[in-house]
Amino acid sequence: AFLDRSYQADGSLTPRDQPKATISDQKLITQRLDQLTNGHPITIADGSPLIITAKTVCVHSDSENSLTLLKIARTYLDAP
């Protein structure tokens, strides 16, 4: 599952030319990690819930603050 991109109702990524396609807010990244790791629906671009089953999380290297987002994810996932 991508931490730095929003999803559409059909499970596809929101096209980058649409509003809210990318996520760079650290609080939202942590919220998404919490949702994914606890089996809760994620919030998609239009605010609706979507259940995603994922075994890995990814961040696009060209996303704003990608290294910071990866560090947040690592810290979250390593926490007891």
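These legends go with close-up views of a predicted model.

Residues are numbered from 1 along each chain as its sequence is written, and side-chain values use heavy atoms, with hydrogens and water left out. Because this is a predicted model, local features need pLDDT of at least 70 and side-chain atom pairs count only at pLDDT 80 or more, while totals for chains, interfaces and linings use all residues.

**View 1. Asp62 and Arg16 pair up through their side chains in a salt bridge.**
The N to O distance here is 3.3 Å; to count as a salt bridge, a side-chain nitrogen of Lys or Arg has to be within 4 Å of a carboxyl oxygen of Asp or Glu. The two partners come from distant parts of the chain, 46 residues apart: Asp62 sits in the loop between strand 2 (49-50) and helix 2 (66-78), and Arg16 in the segment before helix 1 (26-37). Helices (H or I, at least four residues) and strands (E, at least two) are DSSP runs, numbered from the N terminus. Asp62 counts as exposed, with 56% relative accessibility, whereas Arg16 is partly exposed at 41%. For these labels, buried means under 20% relative accessible area, exposed over 50%, and partly exposed in between (1.4 Å probe, protein chains only). As a general point, side chains of opposite charge can pair when their charged atoms come close.

**View 2**
How many salt bridges does a search of the whole structure find? The search turns up two. Arg74 counts as exposed, at 56% relative accessibility.

**View 3. Helix 1 packs against helix 2.**
The angle is about 40° and the axes are 10 Å apart. Axes are lines fitted to C-alpha atoms, for helices over the stretch in contact, and angles run from 0 to 180 degrees between N-to-C directions. Helix 1 and helix 2 are therefore oblique to each other: angles under 35 degrees count as roughly parallel, over 145 as roughly antiparallel, 65 to 115 as roughly perpendicular, and the rest as oblique. Helix 1 passes helix 2 in a right-handed crossing, the name used if the near helix is turned clockwise from the far one by less than a right angle, with anticlockwise giving left-handed. Helix 1 brings Gln26, Ile29, Thr30, Leu33, Asp34 and Thr37 to the contact, and helix 2 brings Thr68, Leu69, Ile72, Ala73, Tyr76 and Leu77. Sorted by class, that makes seven nonpolar, four polar and one charged residues. In this scheme, Ala, Val, Leu, Ile, Met, Phe, Trp, Tyr, Cys and Pro are nonpolar, Asp, Glu, Lys and Arg are charged, and the others, Gly among them, are polar.

**View 4. Tyr76 and Leu77 both lie in helix 2.**
Tyr76 is partly exposed, at 25% relative accessibility. Which residues does Tyr76 contact, leaving aside its neighbours within four places in sequence? Tyr76 is in contact with Thr30, Leu33, Asp34, Thr37 and Asn38, where contact means heavy atoms within 4.5 Å. The C-alpha atoms of Tyr76 and Leu33 are separated by 7.7 Å, though the residues are 43 apart along the chain. Leu77 is partly exposed too, with 45% relative accessibility. Leaving out its neighbours within four places in sequence, Leu77 contacts Leu33, Thr37 and Val57. From Leu77 to Thr30, 47 residues away in sequence, the C-alpha to C-alpha distance is 10.0 Å.

**View 5. Pro49 is found in strand 2.**
Is Pro49 buried or exposed? Pro49 counts as exposed, at 62% relative accessibility. Pro49 touches Pro41 and Ile42, not counting residues up to four places away in sequence.

**View 6. Thr56 is in the loop between strand 2 and helix 2.**
Thr56 is exposed, with a relative accessible area of 52%. Thr56 and Ala1 are 55 residues apart in sequence, yet 6.3 Å apart in space, C-alpha to C-alpha.

**View 7. Lys20 has a positive phi although it is not a glycine.**
The phi value of Lys20 is about 65°. Look for Lys20 in the segment before helix 1, where it counts as exposed at 61% relative accessibility.
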